[in-house]
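Take a look at the fold below.

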Amino acid sequence: MSGGSYHHGDLRRTIIEAAVEAISESGPAAWSLRELARRAGVSHAAPAHHFGDRAGVLTAVAAAGYARFADSLEAAGSELDELGLAYVRFAVEHRPYFEVIFRPELYRPDDPEVRAGRGRASRVLTEGVRGAGEGGRTASIAAWSIVHGFAHLWLSGALPADLGDDPVAAARPVIHHLFGR
């Protein structure tokens, strides 16, 4: 921004970044489109013009979040333990996205970009469960529940303080124990 007017190259991305910043500070529901405009240095009408409403902004955040989440899981490889640790790492390192993607009441879950990212992440997790010799939907849900529960407990500060300050190191023995490795 220069002289009070907008000079960014990608307004959509700028508004999404402003939303991620607002979410990291106050959660996914405690901000307005006007606040995003102020943060992004654009007119108060710009977010509504590009996204329609808050659900539109959060849909874009969810789509970007699911894409990043799937990338993180794919980078972890196919071993179930490493996928679980990548899940926890993503939750902590990309908390604003994590707080949105698992709250489908906040966005439009039928959006094609959201569905594509969610589908990619789901495939990676399902393949990891199958690759570990576990089978079926129940095993996938159990593995997901374990790592998601750990990530959520970590983020909420509900786990014992003596686990240290490294969430992945704290999660490693839990995941190994629960997955029987």
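What follows describes the overall architecture, then one element in detail.

This is a predicted model, in which local features need pLDDT of at least 70, side-chain atom pairs count only at pLDDT 80 or more, and totals for chains, interfaces and linings use all residues. Residues are numbered from 1 along each chain as its sequence is written, and side-chain values use heavy atoms, leaving out hydrogens and water.

The protein chain has nine helices and zero strands. Helices here are DSSP runs of H or I with at least four residues, strands are E runs of at least two, and both are numbered from the N terminus. Along the sequence the pattern reads α-α-α-α-α-α-α-α-α. The C-alpha trace spans about 60 × 40 × 25 Å along its principal axes.

How much of the protein chain is buried? Of its 181 residues, 40% are buried, meaning under 20% relative accessible area with a 1.4 Å probe, protein chains only. Contacts are heavy atoms within 4.5 Å. Among those between residues at least 6 apart in sequence, 66% join residues at least 24 apart.

Now turn to helix α5. It covers residues 80-93, 14 residues in total. From first C-alpha to last it reaches 20 Å, close to the 20 Å expected at 1.5 Å a residue. That expected span is 1.5 Å times one less than the number of residues. Ten of the 14 residues of α5 are buried, so α5 is largely enclosed by the rest of the structure. Among the buried residues are Leu80, Leu83, Tyr87 and Phe90. Asp81 is also one of the buried residues of α5.

Note on methods: Buried means under 20% relative accessible area, exposed over 50%, partly exposed in between (1.4 Å probe, protein chains only).
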